[in-house]
Amino acid sequence: MESVIGQSLEALDTPQAIIDLDVVDANLNTLLDKCRKHPIDLRVHFKSLKCGGLARYLTARGVQSFLCAKLNEAEVLVDHGILDVFIANQIVGPIKLRRLAELATRAKLRVCVDDRNNVAALGAAVLAAQTSVGVLVEVDIGMARCGVEPGEPTLELGRQIARTPGLRFLGLQGYDGHLQMLQDVDERRRLCLKGMEQLVATRRLLEAEGVPVDVVTGAGTGTLEFVSTYEGVTEIQPGSFVLMDSAYNCLQPEYRCALSILSTVISCRPEWYVTDAGSKAISKDFGMPVVQGRPHDQIDRLSEEHTRVLNARHGKCVGDRVAIIPTHGCATMNLHRQCVAVRNGRVEGVWPIEASGRYD
Ligand SMILES: Cc1ncc(COP(=O)(O)O)c(C=O)c1O
C-alpha cells in the first residue's frame with residue numbers, strides 16, 4: 001500500500017476511507033482561531049479519529065492534548081507519543097484499572113469518576129502501580145447518562161478524591177451530549193448555557209469549600225461556540241469537527257466534511273446505480289449517507305455490501321467512482337482498518353486506524 005503515496009485516487013481499490021487533509025487543516029484552523037480569540041484550552045476527542053497517524057498530524061498543527069472514551073484509545077495515543085490524555089469516561093473493574101494504572105506510569109493521564117467505590121478502587125490500583133492519576137468528577141448537566149448531580153454530590157466526591165493517595169483532583173467534566181444535534185440553535189444555546197451555569201456554580205461551591213478546581217471541561221462540536229466563551233470553563237473537548245459528517249455539517253456548515261468513502265459503481269439500472277460500499281463500510285446509525293457533489297442522487301438503501309443510489313438521470317456506468325459522505329463520521333472510522341490521507345487528489349499517507357473495531 002505504501003506504493004500509492006503520491007498517486008491519484010485511481011490507484012486505490014474500493015471501498016476506501018479517504019481523509020481530505022486540506023479540509024482537516026481548514027476545520028482545525030477555524031477552531032484554533034476561535035480558541036485564540038477567546039482563550040480556552042482545546043482537547044480533541046480521539047473517539048472521532050481512532051487513528052494514531054491522524055492524531056499526530058493534528059499535533060504537528062498545534063493540538064497539544066486529546067481525550068478519548070476508552071482505554072484502548074488512550075493506549076494508541078500513548079503508543080504514538082501523545083502523553084497528555086484524558087479518558088473522559090468511567091473506567092471500572094480490576095482488569096481495566098490495572099491497565100489504566102500501567103498506562104499512567106507512561107503518560108500524564110486523567111480520568112472521570114462518578115462513584116465513590118470506583119474512586120477507592122482507582123486509588124488502590126494506581127498506588128499498587130506506584131503512580132498517580134488526575135481525576136475529574138463527571139457532573140450530569142442534563143444528559144442523564146453518567147455523572148453525579150451538580151452541587152453537593154459533586155463536592156462530596158471531590159473531597160473524597162482530594163484525600164485519596166495517588167489521585168490528584170483536577171476538576172469537573174460536564175458534557176452536554178444531548179444538545180449536540182439539536183436543530184434549533186437558540187434552544188441549543190439556551191439549554192447549553194443552563195448546563196454551564198450549573199457546572200460553574202458547582203465549581204464555585206467546591207472552591208468556596210476549599211477544594212481547588214483547575215479544570216472545567218465540556219462541549220462537543222455542536223456546543224463549543226457557546227461553551228468556549230463561558231466564564232469559569234477552562235477547556236473544550238470536541239471531536240467531530242475534525243472529520244465531520246453530513247449530519248453535523250447541516251448544523252455546523254463552517255466545518256466541512258473531510259471523511260468520505262471512495263466507492264465503485266458495480267451495477268447500473270436506468271433509475272439507480274449501486275456501489276460496493278454498504279453498511280459494513282459506512283455507518284447508518286444517523287441515517288442515510290450522501291454522495292459527494294451530487295445533490296440529485298439519493299441513497300435509499302444501504303445493505304451490508306451495497307449502496308443503492310436513486311437518480312433517474314444518474315449518468316453513471318459500471319466501474320465509475322463516487323465518494324460517499326457518511327452521516328456519522330466517528331462510527332464510520334470505527335469500521336475501517338486504514339484510511340488514506342489525500343491532498344489535492346494525491347495520496348499523502350496511508351494510516352492504520354488502530355482503535356477501530358475495539359470497545360475495550
Ligand atoms: C464526553 C464527550 N466529550 C466530547 C465529545 C465530542 O463531541 P463531538 O464529537 O460532538 O465533537 C463527546 C462525543 O461523544 C463525548 O462523549
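How many strands make up the closed barrel, and with what pairing? The closed barrel has eight strands, running 2-3-4-5-6-7-8-9 with parallel pairing.

The model is predicted, with local features needing pLDDT of at least 70 and side-chain atom pairs counting only at pLDDT 80 or more, while totals for chains, interfaces and linings use all residues. Residues are numbered from 1 along each chain as its sequence is written, and side-chain values use heavy atoms, with hydrogens and water left out.

**View 1. The whole chain.** The protein chain comes to ten helices and 17 strands, where helices (H or I, at least four residues) and strands (E, at least two) are DSSP runs numbered from the N terminus. Its C-alpha trace spans about 70 × 45 × 35 Å along the principal axes. The radius of gyration of the protein chain is 22 Å, which agrees with the value near 21 Å that a compact globule of 360 residues would have; the radius is taken over C-alpha atoms, and the globule rule is 2.2 Å times the number of residues to the power 0.38. Of the 360 residues, 56% are buried, meaning under 20% relative accessible area, with exposed meaning over 50% and partly exposed lying in between (1.4 Å probe, protein chains only).

View 2. Strand 8 (residues 215-218) and strand 9 (residues 235-236) pair in the parallel sense over two bridges, two strands being counted as paired if DSSP finds at least two bridges between them. Within this pair, Gly 218 has Ile 236 of strand 9 as its bridge partner. Strand 4 and strand 5 also run parallel and are joined by five bridges, and Asp 84 stands opposite Lys 108 in strand 5. Five of the six residues of strand 5 are buried, leaving this strand mostly covered.

**View 3. The largest nonpolar core.** A nonpolar core is a set of buried Ala, Val, Leu, Ile, Met, Phe, Trp, Tyr and Cys residues joined through side-chain atoms within 4.5 Å. The largest one holds 99 residues, of which Leu 58, Phe 66, Leu 122 and Leu 243 touch the most other members. Helix 1 (residues 21-37) gives the most to this core, with seven residues. Apart from this core lies another, of eight residues, among them Val 4, Leu 12, Val 340 and Val 347.

View 4. Not counting residues up to four places away in sequence, Leu 122 touches Leu 97, Leu 100, Val 111, Val 113, Val 133, Val 135 and Leu 167, where contact means heavy atoms within 4.5 Å. Asn 118 lies in helix 5 and counts as buried because its relative accessibility is 9%. With the same exclusion of residues up to four places away, Asn 118 touches Ile 91, Val 92, Leu 97 and Val 113.

**View 5. Packing of helix 6.** The buried residues of helix 6 (residues 152-162) are Thr 154, Leu 155, Leu 157, Gly 158, Gln 160 and Ile 161. These buried residues pack against strand 5 (108-113), helix 5 (116-128), strand 6 (133-138), strand 7 (167-174) and helix 7 (185-208).

View 6. Ser 3 lies in the segment before strand 1 (16-20) and counts as exposed because its relative accessibility is 59%. Ser 3 and Glu 225 are 222 residues apart in sequence and, C-alpha to C-alpha, 42 Å apart in space.
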